[in-house]
Amino acid sequence: MINRQLLLTYFYLLIYICLSSGVILYNKWVLSPKYFKFPFPITLTMIHMGFSGVVAFLLVRVFKVVTPVKMTFQIYATCVIPISAFFASSLWFGNTAYLHISVAFIQMLKALMPVATFLMAVICGIDKLRCDVFLNMVLVSVGVVISSYGEIHFNAIGTVYQVTGIFAEALRLVLTQVLLQKKGLTLNPVTSLYYIAPCSFLFLFVPWYLLEKPGMEISQIQFNFWIFFSNALCALALNFSIFLVIGRTGAVTIRVAGVLKDWILIALSTIVFPESTITGLNIIGYAIALCGVVMYNYLKVKDVRASNQLPGESIPERVTKEWKLDKKSSDIYTDDSNNSNNAGNIAGAAASESIVGDEEAPLLPSSRLTYTGRSQVSSRTA
């Protein structure tokens with residue numbers, strides 16, 4: 001039974017790695033002027049949001065697979081709208097970067113995500129400036145600078161777009177944690193898309209109308225329904241695969257899988273897109289940045305485990321609690337009446353932070369999401 005559950009866990013991890021890499025490569029292929037020749041990233045993002053919103057509406061309102069939460073206008077205005085705005089911005093800027101820089105270099109720049117998240121958390125007052133974490137952030141930044149210096153096809157515009165998208169995503173993560181904790185709102189992936197996707201679609205409409213609509217009227221575009229349908233379907237499947245991975249693994253496993261996925265994606269991108277060239281300086285810089293990311297991940301997990309240990313506990317009790325905490329980090333469930341659950345809540349945010357940067361996951365990397373149950377999800381997704 002244990003081996004079966006372990007195999008199922010690795011199977012979910014494999015699905016996540018394949019879908020995550022596939023969506024990124026697929027988006028690059030669609031947007032690239034050398035391949036599918038559809039250089040309209042806002043339009044592509046709106047297609048994703050529209051498709052996800054329709055599917056979520058059908059699951060919530062028509063088939064009633066998921067029960068909607070009690071959403072008041074105040075909560076929607078103060079929580080959903082600002083989160084949707086930064087979510088839409090992160091996808092917009094991130095997808096636009098595909099027009100200017102390679103997938104490999106984009107993945108290297110995404111190593112800045114812990115830096116951006118830490119800075120936003122400190123600015124918003126939910127984290128403290130610590131010397132050890134700050135040194136790790138400096139190490140990550142130095143690695144990214146070295147990797148950028150070694151990039152043969154360096155493009156300043158694409159780099160600015162990607163870095164801006166990273167900081168927008170970091171601010172969205174911090175706002176998600178702060179606002180949802182304040183309101184006590186719990187959302188699963190379906191209800192997240194149900195509320196976030198339509199709002200993000202509306203936010204993207206304004207820049208689309210001003211920036212892309214005139215160009216789409218001039219250029220000759222052949223709209224292939226099956227290409228865009230399969231692309232949006234893969235993005236939606238990625239969202240649910242992340243949910244399944246978080247539900248079955250712990251913080252350390254998710255972070256290791258994230259690092260493995262990045263290396264696989266960098267290697268695959270050079271095969272799928274031969275024009276992408278990786279230099280030795282790229283690899284050295286990215287390796288330095290990953291060392292900082294790994295140390296940052298270690299400190300986060302160590303802090304969570306330390307906060308959950310009581311002085312009077314025996315060693316076996318601590319080992320048992322650490323194992324439960326590592327599993328709780330995947331459940332992303334919170335209960336403010338219990339300190340150990342608060343620690344697990346923090347662990348949930350830490351675990352899911354390793355998979356941010358993946359497209360179409362609006363609310364999963366937060367600490368106020370409810371895990372509806374593995375058996376229920378398995379039966380519904382089968």
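Glu-169 and Arg-172 stand three residues apart in helix H7 (residues 156-183), which means that about one helical turn separates them; helices here (H or I, at least four residues) are DSSP runs numbered from the N terminus, as are strands (E, at least two). Their side chains meet in a salt bridge with an N to O distance of 2.3 Å, a salt bridge being a side-chain nitrogen of Lys or Arg within 4 Å of a carboxyl oxygen of Asp or Glu. Glu-169 has a relative accessible area of 8% and is therefore buried, and Arg-172, with a relative accessible area of 0%, is buried too. In these terms, buried means under 20% relative accessible area, exposed means over 50%, and partly exposed covers what lies in between, with a 1.4 Å probe and protein chains only.

This is a predicted model, in which local features need pLDDT of at least 70 and side-chain atom pairs count only at pLDDT 80 or more, while totals for chains, interfaces and linings use all residues. Residues are numbered from 1 along each chain as its sequence is written, and side-chain values use heavy atoms, with hydrogens and water left out.

The chain as a whole contains 14 helices and zero strands, so that reading along the sequence gives the pattern α-α-α-α-α-α-α-α-α-α-α-α-α-α. Of its 382 residues, 51% count as buried.

Lys-261 lies in helix H10 (residues 251-272) and is buried, because its relative accessible area is 6%, while Asp-262 is buried with a relative accessible area of 15%. The side chains of Lys-261 and Asp-262 also make a polar contact, at 3.3 Å; such a contact is a pair of N or O atoms within 3.5 Å, where, within protein, one must be able to donate a hydrogen and the other to accept it, and residues adjacent in sequence count only if both atoms are side-chain atoms.

Two helices can be followed from end to end. Helix H9 (residues 225-248) has 24 residues and should span 34 Å at 1.5 Å a residue, which agrees with the 35 Å between its end C-alpha atoms; the expected span is 1.5 Å times one less than the number of residues. Helix H11 (residues 280-307), with 28 residues, reaches 41 Å from its first C-alpha to its last, close to the 40 Å expected at 1.5 Å a residue. Among the buried residues of H11 are Asn-282, Gly-285, Tyr-286, Ala-289 and Leu-290, as well as Tyr-296 and Asn-297.

Turning to the surface, Val-54, Phe-57, Leu-58, Val-62 and Phe-63 form a nonpolar patch with about 470 Å² of accessible area together. Patches are made of residues with over 30% relative accessible area and no salt bridge, with like charges joined within 9 Å and nonpolar side chains (Val, Leu, Ile, Met, Phe, Trp, Tyr) within 5 Å, and the areas come from the Shrake-Rupley method with a 1.4 Å probe, only the protein chains shown counting as cover for residues. Val-54 is found in helix H2 (residues 41-62) and counts as partly exposed, at 49% relative accessibility.

Lys-37, in the loop between helix H1 (2-31) and H2, has a positive phi near 60° and is exposed, with a relative accessible area of 56%. Lys-64, in the loop between H2 and helix H3 (73-97), has a positive phi near 55° and counts as exposed at 61% relative accessibility.

Finally, the cysteines Cys-79 and Cys-199 are both buried, Cys-79 at 1% relative accessibility and Cys-199 with a relative accessible area of 7%. The structure holds zero disulfides, a disulfide being a pair of cysteine sulfur atoms within 2.5 Å.
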